[in-house]
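Keep the structure open on your screen as you read.

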Amino acid sequence: MAQFIQRFHADKSAIRDELLIGLQAPQASTSPKYLYDALGSKLFEAICELPEYYPTRTEAAIFDAHADEIAASVGRGRTLVDLGAGNCAKAGRLFPVLQPAHYVPIDISVDFLRDSVDTLQQRFPEMEITALGVDFSAPFALPDNVGPAQRLFFYPGSSIGNFSPDDAVAFLSRLAQAGDNDGALLISVDLVKAKPVLDAAYDDALGVTASFNLNLLNHLNEVLEADFNVRGWQHVGFFNAELSRIEMHLEAKTAQTVRWRGGHRDFAAGERIHTENSYKYTAKGFTALLERAGYTLQQAWIDPLGWFMVCHAKVSGNQS
């Protein structure tokens with residue numbers, strides 16, 4: 001039987017404070033995690049099906065083409081710690097080759113994981129599964145039944161790009177310190193490519209990404225008891241070559257005042273709320289970032305177009 005552990009419990013007051021600090025800053029901003037309410041999560045699933053959005057299908061093609069090589073590199077029978085597991089689909093596709101002894105899917109809500117984990121348990125009845133509800137972007141500890149040895153942290157989807165490079169190093173350093181010297185990492189990263197390709201991936205022709213971004217305002221209205229008028233804002237998404245990152249913003253179409261319980265802010269026409277960054281790396285640059293975090297790259301797999309990379313890295317000092 002799978003074990004379910006819920007350690008994250010939303011602190012509505014703390015969430016409200018965090019959002020208001022961002023909205024009242026000189027450059028208004030919010031964390032990208034607030035894009036993923038119930039509707040936002042469904043819209044992101046739709047984004048992954050868009051022709052412009054290459055990361056999902058490119059990563060899947062790498063895993064399909066190199067599954068045996070990946071398994072040979074990382075080793076079979078490890079404890080697979082799946083960060084931001086969601087529906088567990090990416091890890092589940094690798095189970096036949098990785099054959100994890102213990103699967104530990106982590107997401108901010110165990111409830112979201114439950115159905116997927118139950119299905120996996122039916123397919124792999126002998127596998128030990130411990131689902132953990134925790135905000136893994138903050139420091140956390142794994143349950144006592146997840147031993148420190150043979151941990152393989154799995155972080156697909158190029159989600160590491162949502163961290164600034166310095167924050168990414170800090171985050172990955174915590175993972176490197178979270179196990180014995182045989183700890184390892186299997187991580188995906190989006191690579192720098194032509195600006196038109198990147199721009200289109202985050203500002204698609206159908207406007208699904210725009211809807212995903214604009215839905216944040218609905219979420220803010222709910223959490224803050226605010227009165228954002230979604231029709232008064234527009235999505236802006238583009239690649240900032242100087243900082244090597246995609247930026248997503250919401251831009252006010254006209255001057256307007258937004259009110260919430262206990263306060264308000266005046267937005268000028270054209271003023272923006274910065275909602276997400278997605279950093280893009282060169283293969284050399286990401287290898288250097290891994291080294292700063294305490295890892296040594298063992299092997300990397302890149303698609304034929306050179307758009308996306310999957311990396312296996314080990315904690316430094318334990319290279320084979």
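What follows goes from the sheets to the helix pairs, with a stop at the aromatic rings.

A word on ground rules: this is a predicted model, so local features need pLDDT of at least 70, side-chain atom pairs count only at pLDDT 80 or more, and totals for chains, interfaces and linings use all residues. Residues are numbered from 1 along each chain as its sequence is written, and side-chain values use heavy atoms, with hydrogens and water left out.

Start with the eight-stranded sheet. Reading across, its order is S1-S4-S3-S2-S5-S6-S13-S12, and this open sheet has mixed pairing. The labels come from DSSP runs numbered from the N terminus: helices are H or I runs of at least four residues, strands are E runs of at least two. Two strands pair if DSSP finds at least two bridges between them. Strand S1 (3–6) and strand S12 (295–302) sit at the edges with a single partner strand each, so one side of each has no neighbour in the sheet. On average, neighbouring strands here are turned by 20 degrees against each other, direction ignored. (Axes are lines fitted to C-alpha atoms, for helices over the stretch in contact, and angles run from 0 to 180 degrees between N-to-C directions.)

Helix H4 (residues 89–98) lies across strand S2 (79–83), strand S3 (102–107), strand S5 (151–155) and S6, and runs at about 165 degrees to S2. Contact here means heavy atoms within 4.5 Å. Helix H5 (residues 110–123) lies across S1, S3 and strand S4 (128–133), at about 170 degrees to S4.

H4 also has a helix partner. The axes of helix H3 (residues 54–74) and H4 come within 9 Å and cross at roughly 40 degrees. That makes H3 oblique to H4; angles under 35 degrees count as roughly parallel, over 145 as roughly antiparallel, 65 to 115 as roughly perpendicular and the rest as oblique. The crossing is right-handed, a term used if the near helix is turned clockwise from the far one by less than a right angle, with anticlockwise giving left-handed. On the H3 side the contact includes Phe63, Ala67 and Ala71, and on the H4 side Leu94 and Val97 are among the residues. In all, the contact residues divide into eight nonpolar, no polar and five charged. (Ala, Val, Leu, Ile, Met, Phe, Trp, Tyr, Cys and Pro count as nonpolar, Asp, Glu, Lys and Arg as charged, and the others, Gly among them, as polar.)

How many aromatic pairs does a search of the whole structure find? There are 17, where rings of Phe, Tyr and Trp (its six-membered ring) pair if their centres lie within 6.5 Å, and planes under 30 degrees apart count as stacked, over 60 as edge-to-face and the rest as tilted. Phe95 and Phe124 have ring centres 5.1 Å apart and planes at 75 degrees, so this pair is edge-to-face. The pair links distant parts of the chain, with Phe95 in helix H4 and Phe124 in the loop between H5 and S4, 29 residues apart.

Next comes the three-stranded sheet. This open sheet has the order S7-S8-S11, with antiparallel pairing. Strand S7 (233–240) and strand S11 (272–279) stand at its edges, each with a single partner strand, so one side of each is left without a neighbour in the sheet. Eight bridges join S7 to strand S8 (residues 245–252), and Gln234 has Glu251 in S8 as its bridge partner. H8 lies across S7, S8 and S11, at about 60 degrees to S8.

H8 has a helix partner as well. Helix H2 (residues 38–47) and helix H8 (residues 208–224) have axes that come within 9 Å and cross at roughly 160 degrees, which means that H2 is roughly antiparallel to H8. Their crossing is left-handed. Among the residues that meet are Leu43 and Phe44 in H2 and Val208 and Phe212 in H8. The contact divides into seven nonpolar, four polar and no charged residues.
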